[in-house]
Amino acid sequence: MKRLTLLSIVVVLLAAFSHSSAQELKLNDLEYFEKQGVNVLVYSNLFTGGFNDEKNAGIELIHHGVRTAQGGAVRLSNTPEQWDLVPSVTDRKVDRATNTIEVSLHYKDFDFDSRVVATAKGNSVEISVYLDKPVPKFLEGKAGFNLEFLPSQYWSKAYLMDGRFNRFPRYAVSNTVAKPNSEKIKQYKGYVTADDRGTGKFVDPLPLETGHTLLLAPDEPSRLMKITSPDANLMLFDGRMLAQNGWFVVRSLLPAGKTGKVLTWTVEPNAIKGWIREPNIGISQVGYTPSQPKVSVIELDKNDKPLVKASLYKIDETGNASEVFSDNVVSWGDYYKYHYAKFDFSSVKTPGIYYIQYGNTKTNNFLIDNSVYDKITDATSDVWIPIHMDHMYVKEGYRVWHGEPFKDGYLQAPPNTDHFDLHSQGPTTDTKYKALELIPGLNVGGFFDAGDFDIETESNINVVENFVQTWDYFKPSRDETFVDEKHRYVDLHRPDGTPDVLQFIEHGTLNLVAQAEKIGHMAQTLSNSVLDNYHHLGDAASITDGLPYNPKLGPYEIAPDGRSSGVKDDMWAFTSRNPRLDLQAATMFAAASRALKGYNDDLAARALQQSKRLQQEATELLAKQPKDNMRRGFGTADAATNLQLYIATGEKQYIDKFQELLWPALDRNVTFGLLTALDAIPHMDASYKEKLRPYVVKYNDYIKGLEKQNPYGVPIGLGNWAGNGLLLNFGTTVCFANKYFPDIVDVSNIYKVSNWLFGCHPYHNYSFVATVGATRPKAVFYGNNRADFSAIPGNVAPGVLFRNPDHFENYDDWPFLWGENEGTIAGNTSYLIFGSVFKNLAK
């Protein structure tokens with residue numbers, strides 16, 4: 001029996017690695033190790049994101065096209081959470097002669113330095129950790145080398161530790177131990193991610209397995225990897241035991257009292273011989289109208305040989321498919337990692353069901369019909385937006401999305417507070433309220449920001465502006481949401497006789513007006529005061545206990561009258577004044593007052609009053625700032641405020657000021673300010689439009705330049721947050737530019753934006769919008785239901801995230817990376833205005 005077991009292990013190992021390529025890993029010109037099917041990145045991406053450990057840094061592995069491992073670094077815990085300390089990189093050296101990359105890491109809080117040296121050796125990478133000084137005493141048994149693996153790519157697959165068979169768990173079910181808080185490594189700025197409920201202890205996961213040789217996924221050659229360590233135990237952990245966004249972690253502790261080379265791993269990723277990534281055939285999952293341009297962008301592995309032709313097949317009413325069109329595939333060229341080609345089937349105009357065949361790869365089916373865009377905004381307006389209405393009970397059919405949150409209101413954030421969500425309270429409150437004093441009346445209206453439940457003021461300002469613009473241009477009468485502000489109740493798919501967009505304007509304005517009236521200016525944010533409820537997943541109403549904090553009570557104690565508690569879970573208002581934010585609010589209030597007039601006259605009057613006051617005060621405050629600081633973005637923002645005040649009041653002073661500020665702002669940056677200038681056209685005379693014409697010509701030059709910049713002909717974001725927000729602003733600007741200047745800006749440019757959103761983009765061809773009509777929208781998003789690996793209908797993902805130096809990605813099996821999967825209230829309402837104007841032009 002023993003002999004049979006050993007034989008089985010040998011068979012599994014030989015079968016798995018027989019797929020491997022003999023090609024060796026080499027250090028390429030982009031400074032990472034590469035062979036066909038395998039990229040090993042060594043600190044091409046650093047721990048420099050705004051949210052600590054964003055699962056996007058350190059030593060990373062792109063395995064047969066998918067980034068399956070990351071976080072290779074000296075870390076201080078078994079399963080690092082997002083808010084655990086990360087090392088800074090003090091130096092990075094690349095030595096081509098020795099095929100080596102060396103990185104120096106530093107933990108400031110412990111004055112702890114280490115060096116990680118990665119050396120390509122044949123098919124493997126040797127990773128060694130060097131110490132010039134021993135591990136600090138407090139970090140003994142805590143500091144170790146970690147490498148993290150994407151759970152969705154490994155769960156339910158097999159693994160072997162020293163020949164022992166096991167399987168990666170689909171769900172987080174393993175063992176933990178409770179340890180004294182005195183042993184816990186401090187987290188970001190002293191915040192803690194878990195409430196210990198007064199026990200004085202924290203939870204630490206125990207390893208799933210321990211040994212010296214770990215074989216991952218021998219049953220899946222594309223994910224097969226072997227890790228060995230002759231001088232340290234390899235421990236396998238499940239990071240999901242602490243947090244739903246945790247990864248599988250392979251870890252070895254650094255030995256105490258030693259210097260020099262203290263740890264060595266050999267990491268050997270399997271490379272399938274001759275592996276070539278399957279072509280990504282970009283299509284609009286929503287489909288195409290008969291008359292529009294129809295161009296598929298095909299993304300190809302650089303080792304793939306482009307084919308000469310592609311074909312279009314039509315599915316008839318009997319379910320049979322026949323080829324109806326075939327044409328040459330035209331090479332565009334290389335863009336970062338891949339080669340791109342285009343297949344133009346614009347000449348096909350007959351309505352029907354189609355798919356594209358390119359070699360052995362075919363797309364899912366899509367429609368050609370005049371009606372394909374009719375419902376592209378319905379899921380966003382009917383479902384996603386009302387679900388994100390704050391301070392309301394929201395239900396849909398049998399389901400309650402959330403109860404009424406934050407009945408306990410918002411406390412004044414204490415001075416000199418650095419917040420974990422990148423906000424801060426300055427040295428004073430800038431209000432009449434004392435630290436931790438209740439600011440009355442703020443728990444009304446507003447929208448959750450994104451996958452969390454705070455009110456980001458700037459985002460909410462943009463939201464109301466997007467709603468007003470939609471109302472101004474289209475007066476949408478769609479009524480699928482029952483909204484009762486008095487009783488704080490929302491019911492989806494239930495008409496109430498009032499256009500939904502008008503009610504959304506009201507709901508957003510209620511909170512923002514309350515901020516202006518109660519605080520005296522705009523808050524930065526209304527957000528969580530403790531980290532352990534900021535990352536809350538579940539019903540928003542359960543984030544706090546609904547009772548104001550009472551310092552006279554013990555922890556978790558409730559007052560005898562039931563009106564306060566000893567739970568420090570209250571939300572805070574961060575109130576440091578920002579005149580630029582006030583100016584943005586002034587613009588929004590003027591626009592909202594106009595839309596609300598005749599529907600909620602009291603709120604309309606209050607909004608207009610705050611607009612005038614904030615515009616005057618913010619202008620005076622900004623005038624006192626250094627001119628260089630004042631100039632950046634100020635001209636267009638103040639111009640927009642004056643435009644909206646003019647539209648709302650008809651007072652000449654505002655339109656004169658608008659023109660005074662607009663033209664210099666356009667001279668500085670036409671791409672930033674053109675949309676504001678276009679918004680003014682219906683309210684200006686013919687001479688204004690003629691004066692604007694050369695700026696539109698300049699903007700059209702920018703559009704043409706995008707065709708040469710990338711194969712999709714749209715702006716592609718390369719930052720730490722993917723670029724669909726930028727794209728939507730671009731798309732809306734192009735729509736209005738075409739509307740008013742069709743002789744300059746061609747309508748074909750608009751369809752490049754819709755094609756990208758609905759599936760014609762890098763990495764995969766799924767629609768970034770969970771929209772009605774899309775054959776294959778993304779399956780998972782970073783929403784407040786992300787722990788369910790699901791999506792809220794109507795959500796819009798940020799898009800493809802760029803990872804240095806050449807990798808685009810958008811996971812569709814792992815929702816937890818916000819930079820590529822988190823829909824926001826500002827982004828989704830930007831989609832609402834783009835989708836509305838796009839539908840109108842498409843008709």
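Author: Let us begin with helix H15. Its buried residues are Asn749, Ile750, Tyr751, Lys752, Val753, Ser754, Asn755, Trp756 and Leu757. Please keep in mind that this is a predicted model.

Reader: How many of the residues of H15 are buried?
Author: Nine of its 10 residues are buried, so the helix is mostly covered, a residue being counted as buried under 20% relative accessible area.

Reader: And what do the buried residues of H15 pack against?
Author: They pack against strand S22, which spans 295-300, and against H13, H14 and H17.

Reader: What comes just after H15?
Author: Glycine 759 is found there, with a positive phi of about 140°.

Reader: Let us turn to the cores. How many residues does the largest nonpolar core have?
Author: That core has 77 residues. Those with the most contacts inside it are Tyr373, Phe658, Leu678, Tyr688, Leu692, Leu757 and Tyr831. Several elements each supply at least two of its residues, among them strand S26 (338-344), helix H10 (634-649), helix H13 (686-709), helix H15 (748-757) and helix H17 (825-842).

Reader: Which helix gives the most to this core?
Author: H14 does, with eight residues.

Reader: Which residues does leucine 692 touch?
Author: Leaving aside residues up to four places away in sequence, leucine 692 touches Trp663, Leu666, Leu674, Ala677, Leu678, Ile681 and Phe741. Another core, of 60 residues, lies apart from the largest one and includes Leu526, Ala595, Leu603 and Ala604.

Reader: Now the whole chain, please. How many helices and strands are there?
Author: The chain has 17 helices and 42 strands. Its radius of gyration is 28 Å, close to the 28 Å given by the globule rule for 843 residues, so the chain is as compact as a globular protein of that length. Its C-alpha atoms fill a box of roughly 90 × 80 × 55 Å along the principal axes.

Reader: What share of the residues of the chain count as buried?
Author: Of the 843 residues, 59% count as buried. The chain exposes about 32700 Å², and carbon and sulfur atoms supply 51% of that area.

Reader: Lastly, how many positive and negative side chains are there?
Author: There are 86 positive and 100 negative side chains, and the centres of the two sets lie 3 Å apart.

Technical notes:
Residues numbered from 1 in each chain as written. Predicted model: local features only at pLDDT ≥ 70, side-chain atom pairs only at ≥ 80, totals over all residues. Heavy atoms only, no water. Core = buried A, V, L, I, M, F, W, Y, C linked by side-chain atoms within 4.5 Å. Buried < 20%, exposed > 50% of the residue type's maximum accessible area, 1.4 Å probe, protein only. Helix = DSSP H or I, 4+ residues; strand = E, 2+ residues; numbered from the N terminus. Contact = heavy atoms within 4.5 Å. Rg over C-alpha atoms; globule rule 2.2 N^0.38 Å. Areas by Shrake-Rupley, 256 points an atom, 1.4 Å probe, with all protein chains shown as cover. Lys, Arg positive; Asp, Glu negative; His and termini not counted. Charge placed at Lys NZ, Arg CZ, Asp CG, Glu CD.
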